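Opening the notebook on a new model today. I want to go through the sheet, then the overall numbers, then the pockets.

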Amino acid sequence: MTSQLKTSLRNASQAEILRSHQRDSDFVSQISETISDLLHRYDLFKHFSRFAKSDVLANLVYFAATSGLGNQTLGEEYTGIVQANLRTQRVPSVLTRVFTVLLECFGEQILLRLLDRLQIHVNRSDNELTPQARSFLNVFLSKSRRMIPIIILVHRGLFYIFGRYYSLGRRLTGLDYVKVYGPRPHSSVSWGLRILGFATILQCFFRLWQTQLSREENSLPDKDFDGTSNIRCQLCLEKVSDTTTPCGHLFCWTCLAEWLQARSRCPLCRECVISSRMVPLMNL
């Protein structure tokens, strides 16, 4: 039975996986619109607007009713594919499927929040870190935070090229797709998708180069013309602090704007701060 199973299972093609996810996205959008209408009807939208706008709640509802119950999603049923672990040649457990969905929905957000908390801890005045260690960790955490979206984009490019693991969450759990009915997938990878994959990876390198070039253009020397040191941003430790929060802490505009997009609190004292309260400092 095992040998028959191994010979009968074949990878689903990239095109089939993409069509499956596109169809699932269409159903998720319909569920999201329905949830939004219900929240507006019962005056609950202001309390759950964050989940309604991000489609997180709709994704959880949809996948709880499909993968969570051990069934195919509508997109998988439409394309004739199922989730499987190709290393063990077995259909994954419901727990593995649910964990994969949670990684896809919340994995990036959880990682970004973890990096934010680590950076807050690093900058606390009561820790025992040396100034050199604090400087190194701030730079490392800031760069790691900026690299996460690029790593996700690179992984998507690798999927287009090799046809394995649609998302990082699926790679971590070992979940892939196999064709079980309908026309069999082509044995060769589509050259159109391969070209798209290479273009995606080149785009990532271009973004890295553009970011580095922008930082070099915006960076200023460590000392002013009168020989006094400038106050460096306490998040990236590279740019001069040209923006202040209402609580009086100084950062560069770019780092503070990115921070407040993830959390509306001062990176140092955790005072509530919204993006519209950022104050640029003039004539530095």
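Predicted model: local features only at pLDDT ≥ 70, side-chain atom pairs only at ≥ 80, totals over all residues.

For the sheet I count two strands as paired if DSSP finds at least two bridges between them.

Entry, sheet. I looked up the strand order and got β1-β3-β2 for an open sheet of three strands, with antiparallel pairing. Which strands stand at the edges? They are β1 (10–11) and β2 (81–84); each has a single partner strand, so one side of each is left without a neighbour in the sheet. I then checked the pairing of β1 with β3 (residues 176–179), and it is antiparallel over two bridges. Arg-10 has Lys-179 of β3 as its bridge partner. Next I looked at what packs on the sheet: helix α2 (residues 14–41) does, touching β2 and β3, and its direction makes about 110 degrees with that of β3.

Entry, whole protein. My tally of secondary structure reads ten helices and six strands. The protein has 284 residues, and 36% of them count as buried. It exposes about 17400 Å², with 59% of that supplied by carbon and sulfur atoms. For contacts between residues at least 6 apart in sequence, I noted that 61% join residues at least 24 apart.

The largest pocket comes out at about 880 Å³. I found 29 lining residues, and the closest to the centre are Leu-103, Glu-104, Cys-105, Arg-156 and Ser-167. Which helix gives the largest share of the lining? That is α6, with nine residues. Helices supplying at least two lining residues each include α2, α4 (56–65), α7 (131–162) and α8 (168–173).

Notes. Residues numbered from 1 in each chain as written. Heavy atoms only, no water. Helix = DSSP H or I, 4+ residues; strand = E, 2+ residues; numbered from the N terminus. Contact = heavy atoms within 4.5 Å. Axes fitted to C-alpha atoms, helices over the stretch in contact; angles between N-to-C directions. Buried < 20%, exposed > 50% of the residue type's maximum accessible area, 1.4 Å probe, protein only. Areas by Shrake-Rupley, 256 points an atom, 1.4 Å probe, with all protein chains shown as cover. 1 Å grid on protein atoms, 1.4 Å probe; cavity = no way out; pocket = protein on both sides within 12 Å on 5 of 7 lines; lining within 4 Å. Points joined across faces, edges and corners; volume = space filled by probe spheres on them.
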